[in-house]
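User: Hi, could you walk me through this model, one topic at a time?
Analyst: Gladly; have a look at it here, and then ask away.

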Amino acid sequence: IEKIYKNFNYIVSVSEGCKKMLIQNFSNIENKIIVIPNIIDTNYIETKSKEEVNEINEYRDFIKLVSIGRLSKEKGMINCVYCCKMLLDAGYNIKWILIGDGAEYENIKKEIEVYSLQENIHMLGSINNPYKYLRHADVYVHPSNVESMSITVLEAMTLNIPVVVVKSIGPSEFIVNNENGILVQPQIDDLYKGIVKLLANK
């Protein structure tokens, strides 16, 4: 990769944190890197979020959590299962919507069955319009251990949904902890405590 980078006039990074990571791992590229964050279309998100969700009435009496992302190990989506179990054991009435697909799909589904959470966690797979579900969330939970930008967090914030996000280089640039979101360490206990903290703070 380093040999290829030498042939480029510019290298575009989506965040300052990602830029620093590249500089630390590749030599003689610092002067080539520019930062251009990914752009989100707020008007599109707001419009799409208004589409009807037929089953939303079933969630009326529940705390609604939403997580969106690729179902892979580094994205930490399986931790939503364990965190959901902890919340239920603590007396919270939870519906957790997982949106996304990937190699961990069957493993996550299996863990949901192991903990008998089929009525509490709904795996929707990859869908064209996640925003219509995101709009109804009480909290958006982002359990990913590795993020260069965190587009879905920005999309949740666009819809004024409170966010609990595992700390990594991307979200650390735009989330001020305890001001416009909650940043937590990548442990399940910390994710749980972040959600509880947010639910308790109107």
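User: Is Cys80 buried or exposed?
Analyst: Cys80 is buried, with a relative accessible area of 0%, where buried means under 20% relative accessible area, exposed means over 50%, and partly exposed lies in between (1.4 Å probe, protein chains only). Before we go on, please keep in mind that this is a predicted model, in which local features need pLDDT of at least 70 and side-chain atom pairs count only at pLDDT 80 or more, while totals for chains, interfaces and linings use all residues. Residues are numbered from 1 along each chain as its sequence is written, and side-chain values use heavy atoms, with hydrogens and water left out.

User: New topic: what is the strand order in the open sheet?
Analyst: The open sheet has six strands in the order E5-E4-E3-E6-E7-E8, and the pairing is parallel. Strands (E, at least two residues) and helices (H or I, at least four) are DSSP runs numbered from the N terminus, and two strands pair if DSSP finds at least two bridges between them. At the edges are E5 and strand E8 (182-184), each of which pairs on one side only. From one strand to the next, the twist averages 20°, with angles running from 0 to 180 degrees between N-to-C directions and axes being lines fitted to C-alpha atoms, for helices over the stretch in contact.

User: How many bridges join E7 and E8?
Analyst: E7 and E8 pair in the parallel sense over three bridges, and Val184 in E8 is the bridge partner of Val166.

User: Which residues have the most contacts inside the largest nonpolar core?
Analyst: They are Leu65, Trp96, Ile108 and Ile195, in a core of 29 residues. A nonpolar core is a set of buried Ala, Val, Leu, Ile, Met, Phe, Trp, Tyr and Cys residues joined through side-chain atoms within 4.5 Å. Ile195 touches Leu65, Cys83, Leu87, Trp96, Val141 and Val164, leaving aside residues up to four places away in sequence, and contact means heavy atoms within 4.5 Å. There is also a second, separate core of 25 residues, which includes Tyr131, Met149, Val153 and Val163.

User: How many residues of H7 are buried?
Analyst: Six of its eight residues are buried, so H7 is mostly covered, and Val153 and Leu154 are among the buried ones. The buried residues of H7 pack against helix H3 (42-49), strand E3 (63-68), helix H6 (131-134), E6 and E7.

User: What follows H7?
Analyst: H7 is followed by Asn160, which has a positive phi of about 60° although it is not a glycine. Asn160 sits in the loop between helix H7 (151-158) and strand E7 (163-166), and at 69% relative accessibility it counts as exposed.

User: Last one: where is His142 found?
Analyst: His142 lies in strand E6 (residues 139-142) and is buried, with a relative accessible area of 4%. Apart from residues up to four places away in sequence, the contacts of His142 include Thr152, Val153 and Val166.
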